[in-house]
Amino acid sequence: MSLRIASRRLRLPSQCSRSLARRGSSQSFKPLQEASEKHNAKTTHFGFETVPEAEKEARVGKVFSSVASSYDTMNDLMSLGIHRLWKDHFVRSLNPGSRAASQDQAWSILDIAGGTGDIAFRMLDHATNVNGDNLTKVTISDINPDMLEEGKKRSLQTPYANSGRIDFKVGNAEKLGFVADNSIDLYTVAFGIRNFTDKDVALREAFRVLKPGGVFACLEFSHVDSSLFNAFYKRWSFGAIPLIGQVVAGDRDSYQYLVESIERFPTQKEFKAMIQKAGFVTPGVGYENLTGGIAAIHKGIKPV
Ligand SMILES: C[S@@+](CC[C@H](N)C(=O)[O-])C[C@H]1O[C@@H](n2cnc3c(N)ncnc32)[C@H](O)[C@@H]1O
């Protein structure tokens, strides 16, 4: 396990730096310097590495730019196709488009970290084919333009290409400035939140943009309870996935990060507590384990 404590870098606002340089003494600015050091020392996980928070976004960006073109094939290989079943189940459990008989009842769905559109296309398929709803709309938002480009290409092969029901927005889940308060019926995030720098901030943003009664729904890799199954699963994920990444996508490091980031993600109960802390009510036990806890669905409702 590689644990790298990143070196601290002192970055002061330019005016302060100039002023410090003029005085030639850092001593007289000690409180300011200490405060700044403290600020810059804020760290987070990047897989098993500990990195300054300011670095994580760029490093995650690099991973997903690198995997974008092989992302869909790799998902099938890494999960032996099971991610499709999980995603189908996730969407069915949310039943998008139910009771949307008129424009004002149509759902406004925000699929955050939507990547290549796997969840969004399923949402529209379900709304249309199961609920006969041709009005529900999905905005696919992702921080990474390369992932969204793949999504746009895929959307051309769906019936929704020029329907006005799908929209793509580059954006950070932690700063959804382009989404109004209380405007969204359903916020989904699948296999995305473990990559965010500050998950609590992202959860508060989800709470802000949802309408009262709106639903936060997250599908994410999680933690296996059974120790026997866990031993087998860890062998597969740490042994096979980076190797498949190397052979198929020519990129071992990105897939090594992906498996490490799963290990670092909070347990089901810890994540449920984070959702509650953001203000959501979590129905029932608050989560549903899939395939023995390899993945889990968490839901939260914004109180009316
Ligand atoms: C593993 S992919 C999941 C894509 C898709 N939701 C799916 O289930 O196939 C994770 C996605 O999270 C995006 N992401 C990472 N950090 C993000 C952030 N802070 N805000 C929005 N998207 C982010 C990545 O760019 C990437 O497209």
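A polar contact is a pair of N or O atoms within 3.5 Å, and within protein one of the two must be able to donate a hydrogen and the other to accept it, with residues adjacent in sequence counted only if both atoms are side-chain atoms. The structure is a predicted model, in which local features need pLDDT of at least 70 and side-chain atom pairs count only at pLDDT 80 or more, while totals for chains, interfaces and linings use all residues. Residues are numbered from 1 along each chain as its sequence is written, and side-chain values use heavy atoms, with hydrogens and water left out.

The protein chain has 304 residues, of which 48% are buried, that is, under 20% relative accessible area with a 1.4 Å probe, protein chains only. Its secondary structure comprises 11 helices and 9 strands, taken as DSSP runs of at least four residues (H or I) for helices and at least two (E) for strands.

An oxygen atom of the ligand lies 3.0 Å from a polar side-chain atom of Tyr-71. A nitrogen atom of the ligand is 2.8 Å from a polar backbone atom of Ala-113, and a ligand nitrogen is also 3.0 Å from an N or O atom in the side chain of Asn-172. Of the 590 Å² of accessible area that the ligand has on its own, the protein covers 97%, by the Shrake-Rupley method with a 1.4 Å probe.

Definitions and conventions:
Buried < 20%, exposed > 50% of the residue type's maximum accessible area, 1.4 Å probe, protein only.
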